[in-house]
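Me: I have a model open and would like to go through it with you. Could you take my questions as they come?

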Amino acid sequence: MLTVIDRNGTILSRYPDNGKWVGELMPEPVVLNAILTQQGEGTTDAPGTDGIPRLFSFAPFGGAAQSADAYVSVGIPAAVAFAGVNQILVRNIVALGLVAGLGLVAAWVGGNLFIVNQIQALVEATKRVATGELGVRTGLPAGKGELSQLAGAFDQMAESLERAHEQRLLEEELRRKNYQLEQQNLAIHEANRLKTEFVSMVTHELRTPLTSIQGYAELMLEDEQISGEERESLAIVKKNADRLLGLINDLLDLSRMEAGRLDLHRTSLDLARLIPEVAGSLRPLIEAKRQRLRLDVGEALPTVWADQDRVTQILTNLISNAHKYTLAEGNITVGARRDNGFVRVDVSDTGIGLSPEDQAQLFTKFFRAHDRSPQAGGGTGLGLVITRFLVELHGGRITVSSAPGQGSTFSFTLPAGEVST
């Protein structure tokens, strides 16, 4: 019988009959008195609740004996403890007399030591578990006897405690890592917010002087009295001012997109009219490179529900890219057609094409194709990133089909007709 009591003698756990005695005083007064008096390890014999004499051994459960909060007591029937010895004693008295008596003494001593050793093993294991060594087991063999069953129950309890302790450790580690991830996410969000605010502020501050430089350069270029060398220098100033202003505008758009502050002003938009307008604005650049531009836009093309300025930006970016990455006397084609509730626009060229590696990174910020044409000139590496964002913001999708030396086709879709946002 295994009993765990608190310092006042109230039962915390009892095996067997656990539910019957929990919360009651220990029903073996002799054992209870010995425990509370000695406040340490000890043994005593007393009758159990069933009247059967038992041998009890007890020890404090955790900490020093004087400060223990609980005690564990193990009791086994005296008849069980001494059954084997008594049988040997009777047989030897009848058969051998004095020799049997001497043998009985030896058997009694041996049996007593064997039982006490098992009890001591239980007590020692209990003490070690109480100090936090949850991996300790009694080491006693399994059997049908009460002591073996008690040892088995103790080992099961220790195993359950060990598993529960490991589970608590895992949960604590998981909570710690989750907290670290939350803090890292907060730091990342704050860094992104500060970066977006900084880019927005800087781009606004840079646009004003650049616009002035651009304007003065245009005015001076209109002056017919300046020399050819001066005109060439002014043209370089204006070209680089235009390029820098384009980069600033792209950064500003990107910062607005990342901050979620880019709004669309949708209307019912006629692509059959808009595509020729955008292509016409770029035609001088295309013809200067002796490239051929062909439009394939059907007259029955449905309208799309989109922001005209942003669709113009999408078309300008794609046609400009086709122009930059297509060699002189190459072909550029812009087509549009219906596509399952959408209008699909294809911008194709006969340019240098893209490798699979370049296509995988094509919509990454500041990415430039490795095998670009020397005639392509500079770029921000943001045009396609912004283009994809604008297409997806409209509810469409952008794709690319290309191969090195075989040109490229960029395709994007926009929702057809007027739909609710």
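Me: Is Glu-173 buried, partly exposed or exposed, and what is its relative accessibility?
Reply: Glu-173 counts as partly exposed, at 32% relative accessibility. Buried means under 20% relative accessible area, exposed over 50%, and partly exposed in between, computed with a 1.4 Å probe on protein chains only.

Me: Before we go on, what should I know about the model and the numbering?
Reply: This is a predicted model, in which local features need pLDDT of at least 70 and side-chain atom pairs count only at pLDDT 80 or more, while totals for chains, interfaces and linings use all residues. Residues are numbered from 1 along each chain as its sequence is written, and side-chain values use heavy atoms, with hydrogens and water left out.

Me: Back to Glu-173, then. Which residue forms a salt bridge with Glu-173?
Reply: Arg-176 does, with the closest N and O atoms 2.3 Å apart. A salt bridge here is a side-chain nitrogen of Lys or Arg within 4 Å of a carboxyl oxygen of Asp or Glu. Arg-176 is also partly exposed, with a relative accessible area of 38%.

Me: Where do Arg-176 and Glu-173 lie?
Reply: Both are in helix 5 (residues 146–221), and because they are 3 residues apart there, about one helical turn separates them. Helices (H or I, at least four residues) and strands (E, at least two) are DSSP runs numbered from the N terminus. Glu-173 and Arg-176 also belong to a network of salt bridges that includes Lys-177.

Me: How many salt bridges does the structure hold?
Reply: It holds 11. Another of them joins Glu-277 and Arg-273, at 2.9 Å from N to O. These two residues are 4 apart in helix 7 (residues 271–288), about one turn of the helix. Glu-277 is partly exposed at 43% relative accessibility, and Arg-273 is partly exposed at 36%.

Me: What about Glu-28: which residue is its salt bridge partner?
Reply: Its partner is Arg-14, the closest N and O atoms being 2.8 Å apart. Glu-28 lies in the loop between helix 1 (18–21) and helix 2 (29–38) and Arg-14 in strand 2 (residues 11–15), so the pair ties together parts 14 residues apart in sequence.

Me: Buried or exposed, that Glu-28?
Reply: Glu-28 counts as buried, at 2% relative accessibility. Arg-14 is buried as well, at 1%.

Me: What else is Glu-28 in contact with?
Reply: Leaving aside neighbours within four places in sequence, its contacts (heavy atoms within 4.5 Å) are Met-1, Arg-14, Pro-47, Gly-48, Thr-49 and Phe-56.

Me: Changing topic: at what angle do helix 8 and helix 10 cross?
Reply: The axes of helix 8 (residues 308–324) and helix 10 (residues 383–393) cross at roughly 140 degrees and come within 10 Å. Those axes are lines fitted to C-alpha atoms over the stretch in contact, and angles run from 0 to 180 degrees between N-to-C directions.

Me: Which residues make the contact?
Reply: Helix 8 contributes Arg-310, Gln-313, Ile-314, Asn-317, Leu-318 and Asn-321, and helix 10 contributes Gly-383, Leu-384, Ile-386, Thr-387, Leu-390 and Val-391.

Me: Finally, the chain overall. How many helices and strands does the protein chain have?
Reply: The secondary structure comes to 10 helices and 12 strands. Of the 421 residues of the protein chain, 36% count as buried.
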